[in-house]
Structures are given as structure tokens and as C-alpha cells.
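Subject: Structure handover

Hello,

Here is the structure you asked for. My notes on it follow below.

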Amino acid sequence: MTPRWDHLLLDATLATFAGDQPYGLIRDGALALHEGRIAWVGPRDRLPGEPTTLATRVDYLGGALVTPGLVDCHTHLVFGGNRAHEFDLRLNGASYEEIARAGGGIVSTVKATREASEDELFAQALPRAHALLADGVTTLEIKSGYGLDTDTERRMLRVARRLGKALGITVRTTFLGLHALPPEYRDDRDAYVAQVCDEMLPALASEGLVDAVDAFCEGIGFAPDETRRVFDRATQLGLPVKLHAEQLSDLDGAALVARYRGLSADHLEYLSDSGIRAMAEAGTVAVLLPGAFYALRETRLPPIAGLRAQGVPMAIATDCNPGTSPLLSLRLAAGMACTLFRLTPEEALRGVTVNAARALGLDDRGTLAAGQRADIAVWNLREPAELCYWIGGSHLLREVFIGGEWLSPEG
């Protein structure tokens, strides 16, 4: 006899993102949870028996929208201080270069992060993580990259792990040693890249703190040959790679990360046709970051039509960071992807569920399908497009289930 399910949700509007229907939509649907997984999903009238005989607990949702838990696949959530003062300066006419020469920019965040203890970094990051959870996020990627030395990078990654445990959500950690050149290595780039490859990455990986490796491949960041050095080391250590690529110029970063069968290439405003083809062949996800596009007042759009034509999966993320995307709502990022990048609501919502999970190398979430991890969001809404339509709003999320366990949206 099949064991009784733990929980059965009835009278739901299910956006499964599986099957052939738009959004994978099932009206008057039923969703069963058992031992942390989705046990059954489909129209309510196809249930294999009476609800009360099938499950220990049965809840009626009154037609509420149910989606997979949202996945924010690109954040810099852990950092010290903030750069609101620089935002003010820019809007009063100061250039990025002027701010940087005065000790601002990423250098100021590195300084604040290095000066913060692990507990202080955790206390600063926790409200930001709560904000994302309250907007439906159940899986979160957090990068290092504001320490730029072994001890501070370690603190950042340890805080990321602590956030996952404290909130009961999945946190994937990404080592971003090649984020910027630290001040003490201003005159010796090669020595810093060597330290990242030979000391920092192996040490942090051996401590179980690294799930993936990233780099900022850009004229103001690191060159392709420097990026290849850290990717080669990551490959030796058995770690997947991803890349900040083609945000400000085209250095063929997308093609580079595709050659390593990378998980994702992120930003991509200057992505070329050859880069698109390389990503398509490798199965590398395009992660679009409309928050940074908005905050920097960019005008060059990512090549959405080309990505569509080549069948490259598109994910959406907040890129939450103190300098160029202080964005604390993944749902708003999805809406911005629609209005700024002209994605359809379905494309944007696939971008924060199934495609975002793929960008993290996770195939056990992102859809409502039997066997998937039971990470589920229940919304005070009726139609999937409303998730992109409403701008702001603090009471759209009704409840979440993480691994089948109910969790308050407030954490």
C-alpha cells in the first residue's frame, strides 16, 4: 500500500513550469508533499482517491497561485557597510572615476568588509536575506569577493553558510577571488592571481566553503588569460565555474566560460553572436541582471532575441550588491526584466525558477513535478503574470514550504 502523503494542497492554481501549457498552468490543481519531495501534482479531479484518505493533512487554498520557490542565482549579499553616499555623489555629478580616486567604489566595500567580524557581517546580511525570503526566494547564491584576502574571503563564505542554516534555506556559495585587484597588489597583478589560484581557492575549497568559482572578466576587472588560470585551478579541484561576462565590453568571456562547460555567464549586455552560439552549444545559462542595468542607467540591452533564437536558457537574478544593484526583491527583478529587457512574464518567471536553478547546477527544484524538492511558494494572487505585474507590495506571498516544511515568509 502506498504510504499516506504528509500534506495535500487543493484548490490551487499551479504554475508548474513543466509540460506544454503556458506556465505549465493547472487550474483547480492538487499538490502532494511527502518526505520533503513533491509526491503528486495534477488536476484535483484526477486524484487517485479521497483527499482525507490520501494525506495526513489537507489544506484548501481557495484558488491561490502556487509556484516553485524562487531561486536567486546571483547575489553579493554579504558585505560590510554600504555605498549610499556614493549614490548621492553620482546623482550630484561626480563620476565613477572621481569617486574611486577619493577612496570610494569597491575599495571602500573591501575596507569595510575586512574591518567587520564574522558576527558583524552576519548581522548586516541577515535582514537582506530576510527580504529575499519574504519575496518568495527559497534558494540563494552568495558570492565572496569583497575580502580579496584569504581570511576575509573565508569569513564571507562562512557567513553565507550560516545564513542558510539560520533561515532553513539552500545557500550555494561562490568564490569570487577575481573580483577586483586589492590595494596591496596594485603593482603586482600576477602575484595576486597566483595567490588566488595557489592559496586562496585550494584552502577555502578544502574547508568545504566553495560550491562554484566566478570571476569578473572585464577591462576594469581581469583579463581572459587571468580568468583561465583560475578556471583551470577550479577544474583541477572539481568545482564548476561561472563568469561575470560582457557587462561593459566584449572580451569573449561568454565563449571562454562555455569552453569550460560553465554553469552561467552573467550580465551579457555586450554579448556577441559567437558568444551566444558557444553558450548554446555548452548549455551555459544566460543570467540577466536588470537591477545593475537600472542602477547604472545603462542603455545597451542584452541580445534577448539572439538568446531566444539559439535556445539559450535565460535566468534572472537580483545581483544584490552595495555598489551597482542594491536590489532586495527577486520578484521586482523579474518585473524589471519584462519592462527593461522585454522578456515575457513567462520567460521572466522561468528565469527565477527552473532556469535559475539550472544556473546553480541544481536539477531537483525549479518546477512543480513529482520527485522534485518540495520548495514551494503560495501567493495571494490568481495569475502567474501578476508576479511581474505588481511593482512592490509586501503581502503578496502567503506562505512557503522548504523541503516540505512550512516556513513563515518573515523567516
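Start with Gly145, which sits in the loop between strand E7 (137-143) and helix H6. Helices (H or I, at least four residues) and strands (E, at least two) are DSSP runs, numbered from the N terminus. Gly145 has 0% relative accessibility, so it counts as buried. Buried means under 20% relative accessible area, exposed over 50%, and partly exposed in between (1.4 Å probe, protein chains only). Gly145 touches Glu153, Met156, Leu176 and His179, leaving out residues up to four places away in sequence. Contact here means heavy atoms within 4.5 Å. Gly145 and Asp135 are 10 residues apart along the chain, and their C-alpha atoms are separated by 25 Å.

Two caveats on the numbers. This is a predicted model, in which local features need pLDDT of at least 70 and side-chain atom pairs count only at pLDDT 80 or more, while totals for chains, interfaces and linings use all residues. Residues are numbered from 1 along each chain as its sequence is written, and side-chain values use heavy atoms, with hydrogens and water left out.

Next, the helix pairs.

H5 (residues 118-133) and H6 (residues 150-167) cross at roughly 50°, and their axes come within 9 Å. Axes are lines fitted to C-alpha atoms, for helices over the stretch in contact, and angles run from 0 to 180 degrees between N-to-C directions. H5 and H6 are therefore oblique to each other. The cut-offs: under 35 degrees is roughly parallel, over 145 roughly antiparallel, 65 to 115 roughly perpendicular, and the rest oblique. The crossing of H5 and H6 is right-handed, meaning that the near helix is turned clockwise from the far one by less than a right angle. On the H5 side, the contact residues include Phe122, Ala125 and Ala129; on the H6 side, they include Val159, Leu163 and Ala166. The contact of H5 with H6 divides into nine nonpolar, one polar and five charged residues. Ala, Val, Leu, Ile, Met, Phe, Trp, Tyr, Cys and Pro count as nonpolar, Asp, Glu, Lys and Arg as charged, and the others, Gly among them, as polar.

H7 (residues 189-206) and H8 (residues 224-236) pack at about 15°, with axes 10 Å apart. That makes H7 roughly parallel to H8. H7 passes H8 in a right-handed crossing. Among the residues in this contact are Val193, Val196 and Cys197 of H7, and Val230 and Ala234 of H8. The contact of H7 with H8 has eight nonpolar, no polar and five charged residues.

Now the cores. The largest nonpolar core has 93 residues, and Leu163, Val230 and Trp379 have the most contacts inside it. Such a core is a set of buried Ala, Val, Leu, Ile, Met, Phe, Trp, Tyr and Cys residues joined through side-chain atoms within 4.5 Å.

Finally, some single residues.

- Arg83 is in the loop between strand E6 (70-72) and helix H2 (84-91). Arg83 is buried, at 10% relative accessible area.
- Thr339 is found in helix H13 (residues 330-341). Thr339 is exposed, at 53%.
- Asp11, in strand E1 (residues 5-15), has a positive phi near 55°.
- Asp252 also has a positive phi, of about 60°. Asp252 is partly exposed, at 40% relative accessibility.

Best wishes
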